[in-house]
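Hi,

Here is the structure I promised to pass on.

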Amino acid sequence: MSNIVVTAVAGVVGLILFVVMLVIIVASRQRFSSCGVDQPGASEEANSIPASYLGFYRRAGAEYGIPWNVLAGIGKVESDHGRDNSSGVHSGENYAGAGGPMQFLQATWNTFGVDGNDDGRRDRYDPADAIPGAANYLKHNHADRGGAKLRKAIWFYNHSWAYVDLVLLWAKRYGANDFSPDADAGVDIGGAAGCGFDSGTDPSIAGPFAQRVIAYAKKWLGLPYQFGGGTFSGPTVGDNSNGSGKPGFDCSGLVVYSFYQASKGKIKLPRTTYDQVDVGHRIAASQMQPGDLLFPNEHHVGIYLGGGKFIEAPHTGAVVRISPIAGRGFFAAVHIDTPGGDQ
């Protein structure tokens, strides 16, 4: 009898393990979406990509509407996902003047480089910056439209059709069977509504307090970004990350200032994005109204304006601006209660 029981238990355990493995395999092959951006699934070979790089590829792909595995294909060809120790990958430049894991020329980086980790610097040697920088450059050349435009955008990255074919070869190997680089609009970037945003929200319906918040933020349109810049009173030099020596705002600094001034000093929000996301009331993207806080990712915040737009202090090298929310991703949205019920 005991042998029968042991055999039965072993059979049950084996069945459970089989089901768990099956779930893991299926999940690894599923497509994943971020804010309306339908990204390809991942093959088993994608597990060979360093976890940090895989995360950067997926995040940048979702944010810029570029297939993540195309970014991974470029990363593989250019530097083996940062594992290549050749000159120019981790420091310096190669024979052609390119540097970093995604091999940017300095002039190209100056135009398309991104502060992906919101540390106030655009560093082409940091994969957290270089990978979204590559996505930004590809999007500029219409890679998000798929098909022939995707191939041409990769060609602009490195003027060689053999290079394009090699990148797409790796992209196919990393992506699941649902990836087709030849399909037009292979990634559905969608509009604001892809994230559940009501892109038709009329900014004019904002309540009096929200209108004041937005007005104080708009007051500084065109002001250069400054990492660490901004207090309750206005723009500050911060750490002078843009080298201008002039006052400015970072993303959370602009939010702190706008709410403090609009509330006449009654609302003192925390200084950092990481703390601001935990104040007020979390709401769904579809519930956002003008004046609410929009967090495209955990490192960035802006003020929702309605009409599919928000105002932000984006990153070093940029200025306070009004930007479309389509394709930017969605991490969280927060509604801040106002003193005295003035909404």
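This is a predicted model: local features need pLDDT of at least 70, side-chain atom pairs count only at pLDDT 80 or more; totals for chains, interfaces and linings use all residues.

Numbering runs from 1 along each chain as its sequence is written, and side-chain values use heavy atoms, with hydrogens and water left out.

Let's start with Gly61. Gly61 sits in helix α2, residues 51-64 (helices are DSSP runs of H or I, at least four residues, and strands are runs of E, at least two, numbered from the N terminus). Gly61 counts as buried because its relative accessibility is 0% (buried is under 20% relative accessible area, exposed over 50%, partly exposed in between, with a 1.4 Å probe and protein chains only).

On to the packing. The largest nonpolar core has 39 residues (such a core is a set of buried Ala, Val, Leu, Ile, Met, Phe, Trp, Tyr and Cys residues joined through side-chain atoms within 4.5 Å). Helix α7 gives the most to this core, with seven residues. A second, separate core has 28 residues, including Phe295 and Leu305.

Last one: His335, in strand β10 (residues 332-335). His335 counts as partly exposed because its relative accessibility is 23%. Its side chain makes a polar contact with the side chain of Asp292 at 2.6 Å (a pair of N or O atoms within 3.5 Å; within protein, one must be able to donate a hydrogen and the other to accept it, and residues adjacent in sequence count only if both atoms are side-chain atoms).

Cheers
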